[in-house]
Amino acid sequence: MKLSRYALGAYVLALVVIVLDQITKAMVLSAIDAPVALIPDGYRIADVLPPMFNLTYVLNTGVSFGMFGGGEARWILSIFSVVVAVALAVWARKADRPLLAAAIGLVIGGAVGNVIDRIRFGGVVDFLDFSGTGVFPWIFNIADSGITVGVALLILDSFLSERRSKVGVAVEKS
């Protein structure tokens with residue numbers, strides 16, 4: 001079965017997010033040079049733009065931005081993320097708009113990037129720390145960003161496609 005250019009774009013974008021996510025996490029872990037099990041949460045790796053932006057290690061056992069943490073849900077969250085990624089991969093094959101394909105690709109990439117960590121480490125390696133801004137208290141990673149931006153783009157695409165369909169109906173009536 002031939003893939004549409006939108007589906008192919010979604011899959012390539014997902015792969016880019018996964019690769020960037022895993023490379024940045026590997027860089028962070030190599031900078032600490034200790035087994036994940038021995039690194040304390042909140043370990044400051046580097047002051048980048050203090051106090052606004054720092055690299056701070058946290059092993060997130062919850063979902064995006066540390067919500068619902070605790071570790072008990074490791075396998076449930078992993079299975080759920082894989083199911084979501086597969087469902088989105090199927091949806092990508094039907095995507096007929098570039099914004100929709102990009103959104104799907106970002107969410108797939110983020111979900112898979114974080115699943116890799118859950119399986120390897122029992123939680124997700126987070127390190128992007130903007131808590132010094134006083135506006136955004138969470139520490140996150142590239143995969144979390146992919147999921148967040150992807151969901152925002154899905155919402156935007158939904159509004160735009162709804163608007164296009166209303167304009168189409170109005171044009172047909174005139």
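Among contacts (heavy atoms within 4.5 Å) in the protein chain between residues at least 6 apart in sequence, 66% link residues at least 24 apart. This is a predicted model, where local features need pLDDT of at least 70, side-chain atom pairs count only at pLDDT 80 or more, and totals for chains, interfaces and linings use all residues. Residues are numbered from 1 along each chain as its sequence is written, and side-chain values use heavy atoms, with hydrogens and water left out.

The protein chain has four helices and four strands, taken as DSSP runs numbered from the N terminus (helices H or I, at least four residues; strands E, at least two). Reading from the N terminus, the order is α-β-β-α-α-β-β-α. Of the 174 residues, 37% count as buried, that is, under 20% relative accessible area with a 1.4 Å probe, protein chains only, while exposed means over 50% and partly exposed lies in between.

Helix H1 (residues 5-32) packs against helix H3 (residues 98-121) at about 35 degrees, with the axes 7 Å apart; axes are lines fitted to C-alpha atoms over the stretch in contact, and angles run from 0 to 180 degrees between N-to-C directions.

Two spots in the backbone deserve a look. In the loop between H1 and E1 sits Asp 33, which has a positive phi of about 55 degrees despite not being a glycine. Asp 33 is exposed, at a relative accessible area of 67%. Further along, Pro 50 and Pro 51 are joined by a cis peptide bond, with omega about -5 degrees. Pro 51 belongs to the loop between strand E1 (43-49) and strand E2 (53-60).
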